[in-house]
Amino acid sequence: MALNPIPEPPEGLLQRVIAGDDAAFEALYRLYSAPAFTVAARMLGHREAAEDVLQDVFLDLTRALRSYRGDGLFWGWLRRLVVNRVLMRMRSERSRPTLVAWESDDHGEWSEPHLFARDLEQALAALPPLTRAVVWLHDVEGWTHQEIADAVGRSQSFSKSQLSRAHLRLRALLENDDETYRERATGIA
């Protein structure tokens, strides 16, 4: 299965957004809202919180675009904005309990890959928010432990220990669910 890379914005689109062109802003939103939402949802583990982050990022985008120098891929720059907004949200909610509720649009029918993906999402959702963010940033986004430490205001050893503990917890959650997974995938109950 080939991955579809996220395209760069068409020539001149960003300048038109900065100038206040509503059609250009809509085009930019259509290009990047789905991948931005995915990053936020995976890190937060909650659909509504991810929608809030997405809205905040795109509300601030016109102003933030002025700081985009074009040195790298636009998606990389925008993804960094999303991650930073998620981390800000997590810091502000540290003292409040977080509702973790992954939703699915299934009708009781799951194929084998979908079953594993759902189990993995549920296992990730079972992690504390900051730990889930460390896993996502390191394992998916490819951040170094130093970058994670800088972003969350902790030490490099904090990032390493959170990742190590998270991997152990995820492995335990998925191994405990492995028998259930095989039963669902093969139809044997």
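Leaving out residues up to four places away in sequence, glutamate 141 touches Val39, Arg79 and Trp136, where contact means heavy atoms within 4.5 Å. The model is predicted, so that local features need pLDDT of at least 70 and side-chain atom pairs count only at pLDDT 80 or more, while totals for chains, interfaces and linings use all residues. Residues are numbered from 1 along each chain as its sequence is written, and side-chain values use heavy atoms, without hydrogens and water.

Glutamate 141 lies in the loop between α6 and α7, helices being DSSP runs of H or I of at least four residues and strands runs of E of at least two, numbered from the N terminus. With a relative accessible area of 16%, glutamate 141 is buried (under 20%; exposed is over 50% and partly exposed in between, with a 1.4 Å probe and protein chains only). The side chains of glutamate 141 and arginine 79 are joined by a polar contact of 2.6 Å, that is, a pair of N or O atoms within 3.5 Å, one able to donate a hydrogen and the other to accept it, with residues adjacent in sequence counting only if both atoms are side-chain atoms.

The largest nonpolar core has 49 residues, a core being a set of buried Ala, Val, Leu, Ile, Met, Phe, Trp, Tyr and Cys residues joined through side-chain atoms within 4.5 Å. Its largest share, ten residues, comes from α2.

| Helix supplying at least two core residues (among them) | Residues |
|---|---|
| α2 | 22-44 |
| α4 | 74-92 |
| α8 | 156-186 |
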